[in-house]
Amino acid sequence: RHCTDIICCVIFIVVILGYIALGVVAWVHGDPRKVIYPTDSYGQFCGQRDTLNENKTILFYFNILKCASPVVLINLQCPTTQLCVSKCPDRFATYIDVQASYRYRPDQWNYFRQFCKPGFNNPRKSIAQVLRDEDCPSMIIPSRPFLKRCFPDFSTKNGVLTVANQTTFKDGRGKTRNVTDLREAANGINNVLDARSVGMKIFEDYAISWYWILIGLFIAMMLSLLFLVLLRFTAGVLFWIFIFGVIGIIGYGIWHCYWEYDHLKGIPGSDLTVYDIGFQTDFKVYLQLRQTWLAFMIILCGVEVIIILMLIFLRNRIRIAIALLKEGSRAIGYIMSTLFYPIVTFLLIAICISYWAVTAVFLATSGEPVYKVMANQTLCKYANLTCDPETFNTTNVTKLCPGAQCTFAFYGGESLYHKYIFIFQLANAFVFLWLVNFAIALGQCTLAGAFASYYWAYRKPADIPLWPLFSSFGRAIRYHTGSLAFGALILAIVQLIRVILEYLDHKLKGTQNSFTRFLLCCLKCCFWCLEKFLKFINRNAYIMIAIYGKNFCTSAKEAFFLLMRNVVRVAVLDKVTDFLLFLGKILVAGGVGVLAFFFFTQRIPIFGQEVPMLNYYWVPLLTVIIGSYLVAHGFFSVYAMCVDTLFLCFCEDLERNDGSTAKPYFMSASLHRILGKKKLSPKKA
């Protein structure tokens, strides 16, 4: 063996080093606190240590009614002053009322002014000047914190929406308004709060049932292992039972259609044609026609004949497919360590996802605070322009656009780094896709090398090399990193294009241009098909790389033409394997799911005292079912890779050898008997 696709290997290493450098630069410039902590109108974090806002962890909106403005959807910022406070208001109050009662009720002012700008303590200032200078809110309403922000404390009383048992409130500007206006401003908050309550209950259920969930997943693992072992003996039985079951069901359908056709004979109106009655929304009308049942019977007869003919002409290929499935079970039995390799792939992908997510957050939080003019008036020419909060009140903007504010918008900057943040995010996403595909490719090549060493062992298991999985992993890393990176690169490019198309489709979803939507739909469909084709080619190319050690392009070409020369066998093997593995996943997930259902619903008397008291029994139940399916999928993906590898080895064996003493077959005796060729040459002791 020698190193393959060296140029791509060098590029891959350079890209990884660049990716690390990008992460370091993002770490230097970024600040995740900008995501964790809410930011007030002055760009300061709420709750940040060693600042004036250290004990003020919650964001308060001066006028939450403005949050119902379309400006919120455009700029993702509520066009009102936002202030960090230590707690949310717990009562209704207006600046006018507090100002009027200041002399004999100073405690009300002391409570109200904690929601004003820091340092403001002038209750004699007129309401017009206060609102102009944004010193205090015109009103406060009972609120509670959610996501570190103050939202109205909604509740329902006799089906009526209320806030602190009131249906109306004063807005501090001389008007009495309904609390439904607040609901529009905090649209959807009730559902989110309910979701939070449900989320807490779900968390509690996980906290008291996690070990039972782990036991269920362990049972799923054991069932998956048992199923793979039993496939050596039951693959053919399961397949033929299913096939004859389908033939029997279709046969019954033909008989039933004939019975209905004969039963309707002589009934008035049953001899009409579908064309005579036209289109009807009630499908039962068509079932009263003899022509309908005749059509069903003809269709089912056609399907039955096709299935029987396929079984007759493809019987030998089906037997080969079943024999390969049994051989795959036998190979895994000799190399049991392969069943646990998906854990390595999972850890590699988890590292890639974590690094990508952290880098994306640091990139998104890079830069200095940028302030923009927020105006309620849509005709304000200064709207959405950058501004300086320190000099904003001295400009003409407030005069030309009454109510306009210089509000914190986002973090950015004018440097070269900040200008290309979007490009860096794209690069982050692209390298992430490349690394994930490389991790998957490494797993496929490693497994293929291990199973190929089983097939090409002349005396099984005596000639199987020691530690075949670790040897295959070492070969893949040492010699074929470039080839694996090349295949992963091609796939990552197509996937990035698909991501961009999905983004464009999301952005143009509201457009009325039918041609644009049609073009995007066609492009998405084409690149989806291209991705599926490339995954198929890459998978088989990695198998050939593991067997012969050639470069990616040569291996892909040889694998493709080898498969095309055996296209019928490929189709049969693929469908037989897919059916049996899908059946195995359903059996494992369904069996463990039924057991979990009876356990968590206290229907197993033996464990009646052990069942935890749950808020929702479906939480651990669904977790066990989905987890069992994923566990089975992990084990069966190794099995599928084993079968694909053995199949390519089998095809190569047939083309390169003839069963003579000089060129003996390496296939098992069962496969050789199915082919009915020359006898296997006697194996040397």
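Predicted model: local features only at pLDDT ≥ 70, side-chain atom pairs only at ≥ 80, totals over all residues.

Start with the whole chain. There are 685 residues, and buried ones make up 43% of them. The fold has 21 helices and 12 strands. If you take the contacts between residues at least 6 apart in sequence, 71% of them join residues at least 24 apart.

Now the spaces. The largest pocket has a volume of about 1500 Å³. It is lined by 44 residues, and the closest to its centre are Arg539, His633, Ser637, Val638 and Ala640. Which helices supply at least two residues each to that lining? They are H8 (189-263), H12 (342-364), H15 (421-455), H17 (514-548), H19 (567-600) and H20 (618-656). Helix H20 gives the largest share, 14 residues.

The structure holds one cavity of 30 Å³ or more, and the largest cavity contains about 90 Å³ of space. Its lining consists of Phe60, Tyr61, Phe62, Ile64, Met139, Ile140, Ile141, Ser143 and Cys150. Two strands, E1 (58-61) and E4 (139-140), each supply at least two residues of the cavity lining. By class, that lining has eight nonpolar residues, one polar residue and no charged ones.

Next, helix H11. It has 20 residues, and the distance from its first C-alpha to its last is 29 Å, close to the 28 Å expected at 1.5 Å a residue. Its buried residues include Ile318, Ile320, Ala321, Leu324 and Leu325. Also on the list of buried residues in H11 are Glu327, Gly328 and Ser329.

I want to stay with glutamate 327, which sits in helix H11, residues 315-334. Is this glutamate buried or exposed? Its relative accessible area is 3%, so glutamate 327 counts as buried. What does glutamate 327 touch, once its neighbours within four places in sequence are left aside? The contacts are Tyr454, Lys460, Leu646, Ser668 and Ser670.

Glutamate 327 also has a salt-bridge partner in arginine 330, with the closest N and O atoms 2.5 Å apart. The two residues are three apart in helix H11, so about one helical turn separates them. Arginine 330 has a relative accessibility of 25%, so this residue counts as partly exposed, while glutamate 327 is buried. Elsewhere, salt bridges with shared partners join Arg498, Glu531 and Lys535 into one network.

That brings me to the salt bridges in general. The count comes to 14. One of them links arginine 91 and aspartate 90, where the closest N and O atoms are 3.1 Å apart. Arginine 91 is partly exposed, at 37% relative accessible area.

Another salt bridge is formed by the side chains of aspartate 271 and arginine 290, at 3.6 Å from N to O. Aspartate 271 lies in the loop between H8 and helix H9 (274-277), and arginine 290 lies in helix H10 (residues 290-313), so the pair ties together parts that are 19 residues apart in sequence. How accessible are the two partners? Aspartate 271 is exposed, with a relative accessible area of 58%. Arginine 290 is buried, with a relative accessible area of 15%.

Last, helix H10 itself. With 24 residues at 1.5 Å a residue, H10 should span 34 Å, and its end C-alpha atoms are 35 Å apart, which agrees. The buried residues in H10 include Arg290, Trp293, Met297 and Glu304.

To go back over the main points: the largest pocket takes its largest share of lining, 14 residues, from H20. The lining of the largest cavity has no charged residues.

Terms used
Residues numbered from 1 in each chain as written. Heavy atoms only, no water. 1 Å grid on protein atoms, 1.4 Å probe; cavity = no way out; pocket = protein on both sides within 12 Å on 5 of 7 lines; lining within 4 Å. Points joined across faces, edges and corners; volume = space filled by probe spheres on them. Helix = DSSP H or I, 4+ residues; strand = E, 2+ residues; numbered from the N terminus. Nonpolar A, V, L, I, M, F, W, Y, C, P; charged D, E, K, R; others polar. Buried < 20%, exposed > 50% of the residue type's maximum accessible area, 1.4 Å probe, protein only. Contact = heavy atoms within 4.5 Å. Salt bridge = Lys/Arg side-chain N within 4 Å of Asp/Glu carboxyl O. Expected span 1.5 Å × (residues − 1).
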